[in-house]
Amino acid sequence: MKNNELITLSDDFLTVGDTTTPNEKIMESQDCCVFYDEAQALRNINLEVGKKEVLSLIGPSGCGKSTFIRCLNRLNDTIDSAKVTGKITLEGQDIYNSDMDVVLLRARVGMVFQKPNPFPKSVYENVAYGPRIHGMSESKADMDEIVETSLLRAGLWDEVKDRLNTSGTALSGGQQQRLCIARAIAVRPDVILMDEPCSALDPIATDRIEDLISELKENYAIVIVTHSMSQASRVSQRAAYFHLGHLVETDATEKIFGDPDHELTQNYIKGRIG
Amino acid sequence: MSNSSSNSSSITEIVNKGLKKRYRSEFMFRLYGITSILFAAAFLIVFFSSIIDKGYSAFTQGELNISIYLDPEIIDPDNTRDEEEIRYANYDKLVFDSLKNFFPSVSSRKERKELKALVSNGTSLRIQSLVLDDMSLIGKTLDLSVKLDSDIDMFLKGNVDITLDESQRRISDNQVKWTNELKTKGLISQKFNSTLFSAGDSREPEQAGVLGALIGSFFMLLITFIVAFPLGVAAAIYLEEFAPKNKFTDFVEVNINNLAAVPSIIYGLLGLAVFINFFGMPRSAPLVGGLVLALMTFPVIIIASRAALQSVPPSITDAALGVGASKIQTVFDHVFPLALPGMLTGSIIGMARALGESAPLLMIGMVAFVVDIPSTPLDASAALPVQVYLWADAPERGFVERTSAAILVLLFFLLVMNSTAIWLRNKFEIKW
């Protein structure tokens with residue numbers, strides 16, 4: 001039903017597109033299209049992700065935000081029916097090109113998911129797993145340091161330093177999500193993708209994650225999918241509005257939430273769609 | 001206004017009218033459920049009580065306290081202490097002589113035969129081995145507790161109807177009289193039947209035990225597990241996580257499901273043709289039995305393991321891939337450990353089914369009468385379900401209670417296996 005709707009949309013759907021350019025781009029999507037079997041989920045997405053900035057993807061449910069974010073680290077590869085066309089580059093290199101190793105890509109483009117999904121292992125193991133499989137530490141001391149810095153950066157160290165051996169799943173929801181963030185930054189990625197990271201959390205935990213995102217922006221490029229417009233306006237510098245598989249408008253966050261160019265964006269932020 | 005109020009009252013009426021019916025159907029459904037559970041429980045109770053009722057008496061065995069004079073004249077008349085000579089001495093006569101001490105009047109050939117048949121014919125072998133172990137016993141008198149013959153034991157346990165004509169029963173009037181006399185003298189007692197757990201099969205019920213079958217079954221299951229579990233789990237992991245989804249894998253999947261439903265005797269025929277006739281493996285050996293049961297359990301393990309793999313939340317796979325784990329790291333570091341308890345449970349339940357299987361074993365010769373206790377999986381051996389089958393078929397009254405006893409041993413074995421499955425699941429299950 002939803003997919004049929006997508007197909008009936010015409011290709012010359014009127015969009016404003018990406019009118020801004022970040023200072024220093026790190027990832028870029030050119031004419032990216034995604035198909036699930038016959039159904040097209042994304043149409044010609046052109047979008048840039050800048051260094052040291054938070055880009056938020058907003059839009060009604062089923063508009064393709066999550067599909068797009070999963071293209072950026074090729075997690076859509078795990079879905080057999082998904083097919084991606086167009087070009088997505090990471091520092092100029094096409095990530096769908098055969099000489100881009102998907103393991104390396106995912107080490108450079110980390111991801112935090114909607115539902116906190118720590119491994120059912122100890123807190124320490126959760127953070128150490130990524131660096132270990134990539135061979136990022138020479139010794140136990142190295143690894144201890146990586147774990148400590150990652151947890152510090154994720155703002156979780158003080159809460160868990162005395163129980164690094166307890167299971168990651170025994171933490172509270174907000175702590176689990178920060179553990180997932182620590183796990184993602186432990187492999188020192190360039191970009192962190194966040195797919196509705198706060199949708200399963202209470203307001204206090206959400207506040208902490210939002211503060212954390214603002215801090216992390218100093219070192220990483222962050223792409224965040226969110227359903228909360230207030231969250232998007234609080235944490236992001238640029239915002240992109242998706243609608244039924246189209247990227248309707250991308251602009252500075254204040255512009256999108258203040259005076260968007262496109263009628264659909266206006267309708268959405270005023271609560272008429274969604 | 002009035003329209004709307006009458007409308008709302010009619011809704012209450014409609015709901016009320018239906019409510020009774022709804023509650024009634026719910027009540028009936030519960031009733032059906034409880035009835036069927038009670039039915040099942042009743043059958044189970046009848047089943048168990050019947051087996052226990054028939055089988056418990058096999059755990060005791062009537063024994064006679066007897067003094068046997070190890071007459072040097074009979075054992076070693078020339079006083080050579082030569083092992084060969086001592087081995088072939090007439091121990092039957094020693095046993096007979098000491099029995100005759102109780103009943104000196106016995107003289108006719110028929111009476112002598114009947115008297116001799118009071119005790120198990122394994123008695124003289126037992127004395128022989130005692131003497132061979134310690135030759136200084138010769139010339140002394142041994143006080144022994146020896147097994148009664150199974151027919152006498154059956155009479156003592158009340159399984160012989162002595163009102164029948166003498167020719168209609170396996171125990172003669174003389175034997176009845178003598179047994180009762182010995183009993184009143186307090187020389188006969190029921191003792192724990194350790195032979196049942198320490199001997200292999202025998203033609204004589206009082207000398208038969210399940211140990212050979214138990215060890216045979218154990219070897220078989222060991223081989224089944226060693227062969228079927230790693231292969232089944234590996235096949236499941238490949239099919240579930242790595243195999244491309246195409247017509248061929250669909251075909252393989254359909255066939256695995258079909259294999260799980262193939263009658264077990266077919267696997268026996270396959271084992272006979274492939275393992276014994278083609279590869280020349282020994283007949284009646286637990287090795288072949290184990291391989292046949294492995295073939296049989298293989299599809300069950302694959303199906304259980306795939307279900308266990310599917311039940312691992314995809315968020316874990318996403319998380320591992322998200323930090324840059326390769327497919328194989330994702331599977332072996334995260335998915336497999338989480339699926340392992342489910343795999344083990346499924347496999348052990350599959351093996352428990354294999355343990356109770358007798359049809360395929362008949363085809364590969366495990367129905368043979370094997371007295372020796374196997375010491376390796378290559379030795380000829382019986383298996384518990386086949387032992388049950390053999391004993392159920394035996395004409396001696398003593399095997400009836402032993403059949404039930406063997407079933408109890410088999411059920412106990414199954415209980416242990418299933419408890420292990422539950423224990424393993426709880427031990428490895430990851431608490432979320």
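Q: How many helices and strands does chain A have in this predicted model?

A: The secondary structure of chain A comes to eleven helices and eleven strands.

Q: What share of chain A counts as buried, and what share of its contacts joins residues at least 24 apart?

A: Of its 274 residues, 47% count as buried. For contacts, take those between residues at least 6 apart in sequence. In chain A, 71% of these join residues at least 24 apart.

Q: Which residues touch the most other members of the largest nonpolar core?

A: The general idea comes first. In soluble globular proteins, nonpolar side chains tend to be buried together. Here the largest nonpolar core has 83 residues. Those touching the most other members are A182(A), V191(A), I192(A), L193(A), I222(A) and V223(A). Helix α7 of chain A, residues 173-185, gives the most to this core, with six residues. Another core lies apart from it, with 61 residues, including L344(B), W391(B), A405(B) and A406(B).

Q: What does A182(A) touch?

A: Leave out residues up to four places away in sequence. A182(A) then touches V127(A), S150(A), L151(A), A154(A) and L156(A).

Q: How many residues of chain A are in contact with chain B?

A: The size of an interface is often given as the accessible area lost when the parts come together. Here, count residues instead. On chain A, 22 residues are in contact with 16 residues of chain B. Four elements of chain A each supply at least two residues of that side: α3 (102-108), β7 (109-112), α4 (123-133) and α7. By class, the side of chain A that touches chain B has eleven nonpolar, seven polar and four charged residues.

Q: Which domains is chain B divided into?

A: Chain B has domain 1 (2-56), domain 2 (58-200) and domain 3 (211-428). Between domain 1 of chain B and domain 2 of chain B, the C-alpha centres lie 63 Å apart.

Q: What pLDDT does chain A average, and where is the pLDDT below 50?

A: Chain A averages a pLDDT of 86, and 91% of the residues score at least 70. Over residues 1-12 of chain A, the pLDDT is below 50. Beyond near neighbours in sequence, that stretch has twelve contacts in the model.

Methods:
Residues numbered from 1 in each chain as written. Chains lettered and ligands numbered in written order. Predicted model: local features only at pLDDT ≥ 70, side-chain atom pairs only at ≥ 80, totals over all residues. Core = buried A, V, L, I, M, F, W, Y, C linked by C-beta atoms within 7 Å. Buried ≥ 20, exposed ≤ 12 C-beta atoms within 10 Å, placed from the backbone. Contact = placed C-beta atoms within 7 Å. Domains from an automatic or database assignment. pLDDT = per-residue confidence, 0-100. Nonpolar A, V, L, I, M, F, W, Y, C, P; charged D, E, K, R; others polar.
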